[in-house]
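Please read the report below with the model open beside you, and follow each part of it in turn.

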Amino acid sequence: MLQKLEKMDRRIIYLVVFLSLAIPLIWPIGLPISVGPETASLYKFIDSLPARTPVVISFDTSPGGYGELSSGAIALLNHLAKKDLRCIGMGFFDTGPSLMQSALANSLYKGKTYGTDYVNLGYVSGGENAISAVAKDIIAKFPKDFTGKSTSGIPVMQGITTMKDVSLIVTVSSGTPGVAEWIRQVGDPMKVPMATVLVAVNIPNMTPYLNAKQLYGMIPSMKGAAGYEALIGMKALGTSGMDAQSISHLAILFFVILGNVISYASRNKPGSAKGGGRQ
Amino acid sequence: MIGKGKVFSFWALIVIVVCMLYSMWRAKSGRPVKIRKISGLDAIEEAVGRATEMGRPVHFCPGIGGISAIEAPQTFAALSLMGYVAHLCARFDVRALIVTIRTPEVLPLAEETVRQAYLEEGKIDSYVPTNIRFLSNQQFAYAAAVFGIMAREKPAANFLLGAFWAEALMLAEVGSEVGALQIAGTAQLSQVPFFVAASDYCLIGEELFAGAAYLSRDEVQLGSILGQDISKAIVAALMLVGIIAKQLGSTYFTSLLSK
Amino acid sequence: MILGFFFTYKPLAQASQTVQNWGVLVSAFALGMASVNLIRVHLRRISKGQELDWLYSGALLVALAGMAALGIAKGPSNKTYTFWFDALFTPGQATVYAMTGFYIASAAFRAFRIRNIESAILLISAAFVMLGNVSVGEALWKGFPTYGKWLMDVPNLAGQRGMMIGAGIGGIAGGLRVLLGIEKSYLGGSGS
């Protein structure tokens, strides 16, 4: 029995995890949502910005990471739209601008005017070097926007030449170039407030920046998204996803405990074989 | 002269370089450097030997980073280790060394590294250029392609060395599923826990950079590792002094860092 | 490039920028060359006609050619391009990324075994952090998020900072060895 459990087909584990994610999404439990201090800090900062203030949103994520970041990104865009802030979008991942189009279409910016209230400037290659170049002259690096229209004289970019002219930069980040590159090239040298919507696996890496006040705030993964949705009063995917995340974490912990119980019982069984084999 | 906010970084770089040059000179002038055992690097020969005995291929992934961004040192370190693995594969007549590439500019370096290794071992006829494969420059398309290769080819040894991101755990788990002996290593701190959990041997952070020096036992390269340790000691001392100074109310070190 | 980063002397910065631009050009050409490698491998597979491999290789080449042609001819904001990007590419990538959740469960079952005091501490810490990050943990006990956050902010961060410093200095050392020509094995020099 123990040997059978030890050598359990991995697909059983996958099935249990799948069910632990799927069932709460279909039948939500309604567990309470808490708001982290880093999320509250970002919310307060954006809430304090006057109307028509320009904010840069950089989508530096692949489609894989976007699955985790979309709820936070859309909640952020909804807040910016509610506050009537100018949204200047760009991306330093080649897939970033396309994902931004998708996020804008699912946010309150859908009902606003492109070119006046928001713009998607598109992608520029070069990673950290490109961020540095864009920071010094935004329009020069984006002569055309994502849709191919000229950016010269565009109303949303009025009064903006360099990154020093914007009030906040938020990077929706799942890799490199990401937060560290933005802080090195723009946040620190140009003293522009920075924030991020971030995947869970990068949270420990970014905490030093938060503690050093190089980041004003963070929407960490789906938990942060759920908290931000609660703050702006618009519950969406982040909130509904937290129940699923809770149950799946319990499922994983169950398997860890099961593994240890099996391991302990096998060790104490007389005549038990030591060590595993590899096929 | 020196840009604002970069003065401390500049002098820190000078100090680190001086430490390393001094250590390399010291090692070259006949004072040997002792380096601790790194079991992941010692296991490379065991892994390739396993592949030879089982008649299965070896899979090597030099990370998904490039050679021009901040993760470039990891890619170069991985390519150095790939050269060593390629030498062993040629020497032991491994069925195939499959190298999967995500970043296009790494492809010619990988091809040349493996080809040169086979040439130096006198086994150039065994070198198969199509085993060095560019799969996709999209992260998860690359990962999915590697899953397929590992499921079909069932490598006996799986090397995951270099810069990795979210696909790290998946590559290691699939390798484990097909029964490969896995040696992984990265300086991407977010991925180290996944490699530690899912692979048999893991090189953490600077162990990856020390790889070429450790395996070649070249005195000058080992000397540079001593230089790294001296630099780390200087950094630790500065941190300690800075913490004490801050506790005593001095902001000198905090302002020094931002100069 | 190193000098261009530190010094404000304009010609240095311009020279550095020029080299970086060359790097971007080389990357673009490398992508073209890598595409040739990809096409070569898959055409070979189609010509061999083994099992279903040729079908998948054919699908890859059709998708590669189709999307490239569409993107070049009509731009990436074109409706058809956007449709295939949103309907196929994005969900495909998101699906593969989501598989990490399943793999972490099987890795945890296989690897997180208490063998000594260190692994016991690791396991208990992991439990605190996992439960501290989700609503159910906070609902069970307020201590989970509090102690979970402390574990992430204090011992974990201390270890990460040490590793970051080590990896950073290791990167400088590796770069110096490459620049001085001491390490040539990545170019196919003797690696044995």
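The contact between chain C and chain A takes 41 residues from chain C and 39 residues from chain A, where two residues count as in contact if their C-beta atoms, placed from the backbone, lie within 7 Å. On the side of chain C that touches chain A, the elements giving two or more residues are helix H2 (10-48), helix H4 (79-111), helix H5 (117-132), helix H6 (135-140) and helix H7 (143-179) of chain C; here helices (H or I, at least four residues) and strands (E, at least two) are DSSP runs, numbered from the N terminus. The most comes from H4(C), with 17 residues. By class, this side of chain C has 24 nonpolar, 12 polar and 5 charged residues, with Ala, Val, Leu, Ile, Met, Phe, Trp, Tyr, Cys and Pro counted as nonpolar, Asp, Glu, Lys and Arg as charged, and the others, Gly among them, as polar.

This is a predicted model, in which local features need pLDDT of at least 70 and side-chain atom pairs count only at pLDDT 80 or more, while totals for chains, interfaces and linings use all residues. Residues are numbered from 1 along each chain as its sequence is written, and chains are lettered from A and ligands numbered from 1 in the order in which they are written.

Chain C also touches chain B, in a contact that takes 49 residues from chain C and 57 residues from chain B. H2, H4 and H7 of chain C each supply at least two residues of the side that touches chain B, and H7(C) gives the most, with 16 residues. The residues of that side divide into 28 nonpolar, 18 polar and 3 charged.

Two helix pairs can be set side by side, with axes taken as lines fitted to C-alpha atoms, for helices over the stretch in contact, and angles running from 0 to 180 degrees between N-to-C directions.

| Helix pair | Axes come within | Crossing angle |
|---|---|---|
| H3 (72-91) and H4 (107-120) of chain B | 8 Å | roughly 35° |
| H10 (219-247) of chain B and H7(C) | 10 Å | roughly 145° |

H3(B) passes H4(B) in a right-handed crossing, and the crossing of H10(B) and H7(C) is right-handed; a crossing is left-handed if the near helix is turned anticlockwise from the far one by less than a right angle, and right-handed if clockwise. The residues of the contact of H3(B) with H4(B) divide into 9 nonpolar, 3 polar and 1 charged, whereas the contact of H10(B) with H7(C) has 5 nonpolar, 7 polar and 2 charged residues.

Chain A has 11 helices and 6 strands, and its C-alpha trace spans about 80 × 40 × 35 Å along its principal axes. Buried residues make up 51% of the 279 residues in chain A, a residue being buried if 20 or more other C-beta atoms lie within 10 Å of its own, exposed if 12 or fewer, and partly exposed in between, with C-beta atoms placed from the backbone.

Within chain A, the buried residues of helix H2 (residues 10-26) are Ile13(A), Val17(A), Ser20(A) and Pro24(A). They cover an arc of only 55° around the axis, which puts them on the same side of H2(A); the arc is that of the directions from the helix axis to the C-beta atoms. On the other side of H2(A), Arg11(A), Leu15(A) and Ile26(A) are exposed.

Some backbone details deserve a separate look. Most residues other than glycine have a negative phi, and most peptide bonds are trans. A cis peptide bond, with omega of about 0°, joins Thr176(A) and Pro177(A). Pro177(A) is found in the loop between strand E4 (168-173) and helix H8 (179-190) of chain A, and Pro177(A) is buried, with 23 other C-beta atoms within 10 Å. Leaving aside its neighbours within four places in sequence, Pro177(A) is in contact with Asp60(A), Phe92(A), Gly127(A), Glu128(A) and Ile131(A).

Lys191(A), a residue other than glycine, has a positive phi, near 55°; Lys191(A) is found in the loop between H8 and strand E5 (194-198) of chain A and is exposed, with 10 other C-beta atoms within 10 Å. In chain B, Lys154(B) also has a positive phi, near 50°, and Lys154(B) is partly exposed, with 16 other C-beta atoms within 10 Å.
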